[in-house]
Amino acid sequence: MTTVARLAAAELHAAADELADLLIDTVEGGASIGFLAPLDRAAAAAWWRKRAAAVSAGHLAVWVAYGGDRLLGTVALAFPDKPNSRHRAELVKLMVHRDGRGQGLGRTLLATAEKEAAAAGVTLLHLDTETDSPAESLYLSAGWTRLGAIPDYAATPSGELRPTTIFYKRPGAPADDT
């Protein structure tokens, strides 16, 4: 059975090593999520530990998914700190371990973030993802609106420049919202 939980800052700090393993698996699987391969475990864990301050300040919300006692996925919402942008959030770092894929876990994490965003009063979500990636298909099937692509925006883990697609969604709005 899968359980999804939101992490407080101390919990995020405590789970940093497990989250590092997930991040490394995601990078080794070829996902363009901001890191190059090979990714050092200590560096990956340190990156996650640095996120604890943003969680504590309310600028980041992180959810993790466990299959039994194993961490298999995560998703986060980044909240802007400017007064004119507090109605929106960015969906970031949706990751599912390769061992947990094909079970609807990505969709569950995405739905959790969307539901929690709406409950927090967020009226607009946005994200970017590698064009033509499996993640892009997930967002399209979940009712996100594709705005367009930016060429050579991000590098894959091997360093190849790839386009990135920008999406948005209004939480709670019908899937055909434009």
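Helices (H or I, at least four residues) and strands (E, at least two) are DSSP runs, numbered from the N terminus. This is a predicted model, where local features need pLDDT of at least 70, side-chain atom pairs count only at pLDDT 80 or more, and totals for chains, interfaces and linings use all residues. Residues are numbered from 1 along each chain as its sequence is written, and side-chain values use heavy atoms, leaving out hydrogens and water.

**Helix α4**
- With 15 residues (105–119), α4 reaches 21 Å from first C-alpha to last, close to the expected 21 Å (1.5 Å times one less than its number of residues).
- Its buried residues (under 20% relative accessible area, 1.4 Å probe, protein chains only) include Leu105, Leu109 and Glu114.
- Just after α4, Gly121 has a positive phi of about 90 degrees.

**Aromatic pairs**
- Rings of Phe, Tyr and Trp (its six-membered ring) pair if their centres lie within 6.5 Å; planes under 30 degrees apart are stacked, over 60 edge-to-face, and the rest tilted.
- That rule gives four aromatic pairs.
- Trp47 and Trp48 pair edge-to-face, at 4.9 Å centre to centre and 85 degrees between the planes.
- Phe35, Trp47 and Trp48 form one aromatic cluster.
- The charged end of Arg51 sits over the ring of Trp47, 4.2 Å from its centre (the cut-offs are NZ of Lys or CZ of Arg within 6 Å of the ring centre and within 35 degrees of the ring normal).

**Tyr139 and Phe167**
- Their ring centres are 5.9 Å apart with planes at 55 degrees, so the pair is tilted.
- Tyr139 lies in helix α5 and Phe167 in strand β7, so the pair ties together parts 28 residues apart in sequence.
- Tyr139 is buried at 6% relative accessible area, and Phe167 is buried at 0%.

Terms used:
Buried < 20%, exposed > 50% of the residue type's maximum accessible area, 1.4 Å probe, protein only.
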